[in-house]
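Trainee: Could we go through this fold together, slowly, and could you spell out the terms as they come up?

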Amino acid sequence: MTTLKTAQNQMSFMELALKEARSAASRGEVPVGAVLVKDGEVLAQDGNRTLELNDPTAHAEVLVIRAACEKLDSQRLTGCDLYVTLEPCQMCTGAISFARLRRLYYGAADEKGGAVDHGTRFFCNPICHHAPEVYSGIGEIPAGNLLKSFFKTKR
């Protein structure tokens, strides 16, 4: 029963992240969404806003980390879990490490820009201060389809 409930919670949080990714796409942003959770409570959720904010660091992951840190009045997010629709890039993996997130759940792999299981594999690198538990492939198909559909309209 606990395993089923955990899987249902993971999908619920990833569904929220997918909703944020769809919102990002509707704003013309690359459709990536993220949700940050502690003890089953959503602390922050957002999608990419790099174009809207003219800020190359306004990735969904960074936005939710900033919001959760503000909400908890702490630079450390120990005991928190991040759900994101796309494998985080090197910048975001650095932020995840410095925030001391407990777990990272991501949907679609990013062979070109990802830095968890691809590219630099940041969390396996000796310069990494803290590595979260990583679970990939949660909501992979809908996340991947959303990205493919978005980029198809751009080409």
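**The sheet and what packs on it**

Mentor: Strand 1 and strand 2 form a hairpin with two residues between them, and D39 in that turn has a positive phi of about 50 degrees. Helices (H or I, at least four residues) and strands (E, at least two) are DSSP runs, numbered from the N terminus. This is a predicted model, in which local features need pLDDT of at least 70 and side-chain atom pairs count only at pLDDT 80 or more, while totals for chains, interfaces and linings use all residues. Residues are numbered from 1 along each chain as its sequence is written, and side-chain values use heavy atoms, with hydrogens and water left out.

Trainee: Is D39 buried or exposed?

Mentor: D39 counts as exposed because its relative accessible area is 70%; buried means under 20% relative accessible area, exposed over 50%, and partly exposed in between, with a 1.4 Å probe and protein chains only. D39 has its positive phi although it is not a glycine. Most residues other than glycine have a negative phi.

Trainee: OK, back to the strands: in what order do they form the sheet?

Mentor: Five strands make an open sheet in the order 2-1-3-4-5, with mixed pairing, where two strands pair if DSSP finds at least two bridges between them. At the edges are strand 2 (41-47) and strand 5 (133-136), each of which pairs on one side only. Averaged over the sheet, neighbouring strands are turned by 15 degrees against each other, direction ignored; axes are lines fitted to C-alpha atoms, for helices over the stretch in contact, and angles run from 0 to 180 degrees between N-to-C directions.

Trainee: And which strands run parallel or antiparallel?

Mentor: Strand 1 and strand 2 run antiparallel and are joined by six bridges, with V42 in strand 2 as the bridge partner of V37. Strand 1 also pairs with strand 3 in the antiparallel sense, over five bridges, and there C80 in strand 3 is the bridge partner of K38. Strand 3 and strand 4 run parallel with five bridges, and L86 stands opposite A108 in strand 4. Strand 4 (residues 103-108) and strand 5 run parallel too, joined by four bridges, with E133 in strand 5 as the partner of R103.

Trainee: How many residues of strand 3 are buried?

Mentor: Seven of its seven residues are buried, so strand 3 is mostly covered by the definition of buried I gave you.

Trainee: Switching to helices, then: what does helix 3 touch?

Mentor: Helix 3 (residues 60-72) packs on the sheet, touching strand 1 (33-38), strand 2 and strand 3 (80-86), and its direction makes about 145 degrees with that of strand 2; contact means heavy atoms within 4.5 Å. The buried residues of helix 3 include V62, L63, V64 and I65, and what covers its buried residues includes helix 2 (50-53) and helix 4 (90-99). After helix 3 comes D73, whose phi is positive, near 55 degrees.

Trainee: And what do the buried residues of helix 4 pack against?

Mentor: They pack against helix 3, strand 3 and strand 4, and among the buried residues of helix 4 are C92, I96 and A99. Helix 4 is followed by R100, which has a positive phi of about 65 degrees although it is not a glycine. R100 counts as partly exposed because its relative accessible area is 22%.

Trainee: One more residue: where is H59 found?

Mentor: H59 sits in the loop between helix 2 and helix 3, and it counts as partly exposed because its relative accessibility is 21%. Not counting residues up to four places away in sequence, H59 touches N48, T50, C89, M91 and C92.

Trainee: Last topic: which residues lie nearest the centre of the largest pocket?

Mentor: They are V30, V32, L86, D110 and L147, out of 23 lining residues, and helix 2 and helix 5 are the elements that give two or more residues to the lining. On a 1 Å grid over the protein atoms alone, a pocket is an open set of points where a 1.4 Å probe fits, with protein on both sides within 12 Å along at least five of seven lines, and lining residues have an atom within 4 Å of a point. Helix 5 (residues 140-154) also lies across strand 3 and strand 4, running at about 55 degrees to strand 4.
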